[in-house]
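This briefing gathers what can be said about packing, strand pairing and ring contacts in the structure shown below. Please read it with the coordinates open.

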Amino acid sequence: MTFLAIFSFSNVSFAAGESQYDLIDGKQVSTNANDPKVKHIYYTGDEQGNEVRLGFTTQQKVDDYIKNEKKVEKESIVSSNFETLGSGTCCTDFYTGDNKSGSYRALRVGYAISDITYSWGRSWNDDISSISTASKGTTYLYQHEYSSGGYIRFNNAYYWGKTINLSKYKFSNGVSANNNASSVYVLD
């Protein structure tokens with residue numbers, strides 16, 4: 001299993017006047033709670049296992065960050081209290097219910113579904129509530145077909161073995177990610 005990390009972060013709680021991002025464009029944040037220039041969000045983790053929310057002002061800056069992240073190898077042994085549901089390390093699994101419940105579909109690293117209705121059927125459009133990531137790469141969820149609208153990205157290495165309940169997350173445009181995805185990508 002790989003673990004991606006470049007910076008050490010502290011677990012931040014967001015009181016009034018504090019930024020909702022740990023870093024913006026790779027720099028420490030001011031106390032501007034709105035962070036109006038942030039248009040792109042990337043979720044990852046730090047060396048202590050804390051979730052880290054990074055904000056970026058341009059698509060190029062987030063793409064460069066992901067491309068240049070240092071990869072730190074971790075043991076790939078899954079602890080005995082972790083039960084693999086779905087497809088395992090190769091794929092990100094998408095579930096219709098919270099906590100990896102309900103129906104699921106798997107998408108292998110390196111593949112994309114640009115229109116969920118066309119590829120998986122109308123019942124899957126705007127119906128993904130939780131995900132379990134592949135062990136490497138990045139999982140993208142987009143609000144609309146063909147990677148349009150708001151989106152969200154997850155660092156698969158950090159989230160491997162964890163459940164992501166989308167009710168806790170918002171797309172880059174502020175819309176809830178829960179039951180709102182119409183295209184998904186799992187890229188290396």
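A charge is taken to sit over a ring if NZ of Lys or CZ of Arg is within 6 Å of the ring centre and within 35 degrees of the ring normal. In this predicted model, lysine 162 lies over the face of tyrosine 158, at 3.5 Å from the ring centre.

**Aromatic pairs**

- Tyrosine 158, the residue that lysine 162 covers, also forms an edge-to-face pair with tyrosine 159, with 4.7 Å from centre to centre and 85° between the planes; both tyrosines are buried.
- The structure holds 13 aromatic pairs, and ring pairs link Tyr43, Phe154, Tyr158, Tyr159 and Tyr169 into a cluster.
- The ring centres of phenylalanine 94 and tryptophan 120 are 5.8 Å apart and their planes stand at 55°, so this pair counts as tilted.
- That pair links distant parts of the chain, with phenylalanine 94 in strand E7 (residues 91-97) and tryptophan 120 in helix H2, 26 residues apart, and both of these residues are buried.

**Nonpolar cores**

- The largest nonpolar core has 28 residues, and those with the most contacts inside it are Phe94, Trp120, Ile128, Leu141, Phe154, Tyr169 and Val184.
- At least two residues of this core come from each of E4, helix H2 (116-120), E12, helix H3 (156-159) and strand E14 (183-187).
- A second, separate core of 12 residues includes Leu54, Val62, Tyr65 and Tyr140.
- Beyond the residues up to four places away in sequence, phenylalanine 154 touches a set that includes Tyr42, Tyr43, Ile131, Leu141, Tyr159, Ile164, Leu166 and Tyr169.

**Strand E11 and its partners**

- Strand E11 is mostly covered, with six of its seven residues buried.
- Six bridges join E11 to E12 in an antiparallel arrangement, in which tyrosine 140 has arginine 153 of E12 as its bridge partner.
- The hairpin of E11 and E12 has three residues between the strands, and in it tyrosine 146 takes a positive phi near 55°.
- E11 is also joined to E14 by five bridges, again antiparallel, and here leucine 141 has valine 184 of E14 as its bridge partner.

**The open sheet**

- Four strands form an open sheet in the order E8-E7-E10-E13, with antiparallel pairing.
- Strand E8 (101-108) and strand E13 (164-165) are the edge strands, each pairing on one side only.
- Two bridges join strand E10 (residues 130-132) to E13, and isoleucine 131 stands opposite isoleucine 164 in E13.

**Helix H1**

- In helix H1 (residues 59-68), Val62, Tyr65 and Ile66 are buried; they cover an arc of only 95° around the axis, which puts them on the same side of H1.
- The face of H1 turned away from this buried side carries the exposed residues Lys67 and Asn68.
- Among the elements that cover the buried residues of H1 are strand E4 (40-45), strand E5 (51-56), strand E11 (138-144) and strand E12 (148-155).

**Serine 172**

- Serine 172 has its place in the loop between E13 and E14, and its C-alpha atom is separated by 6.2 Å from that of isoleucine 152, 20 residues apart along the chain.
- Leaving aside neighbours within four places in sequence, serine 172 is in contact with Lys39, Ile41, Gly150 and Tyr151.

Note on methods
Residues are numbered from 1 along each chain as its sequence is written. This is a predicted model: local features need pLDDT of at least 70, side-chain atom pairs count only at pLDDT 80 or more; totals for chains, interfaces and linings use all residues. Side-chain values use heavy atoms; hydrogens and water are left out. Buried means under 20% relative accessible area, exposed over 50%, partly exposed in between (1.4 Å probe, protein chains only). The arc is that of the directions from the helix axis to the C-beta atoms. Contact means heavy atoms within 4.5 Å. A nonpolar core is a set of buried Ala, Val, Leu, Ile, Met, Phe, Trp, Tyr and Cys residues joined through side-chain atoms within 4.5 Å. Two strands pair if DSSP finds at least two bridges between them. Rings of Phe, Tyr and Trp (its six-membered ring) pair if their centres lie within 6.5 Å; planes under 30 degrees apart count as stacked, over 60 as edge-to-face and the rest as tilted.
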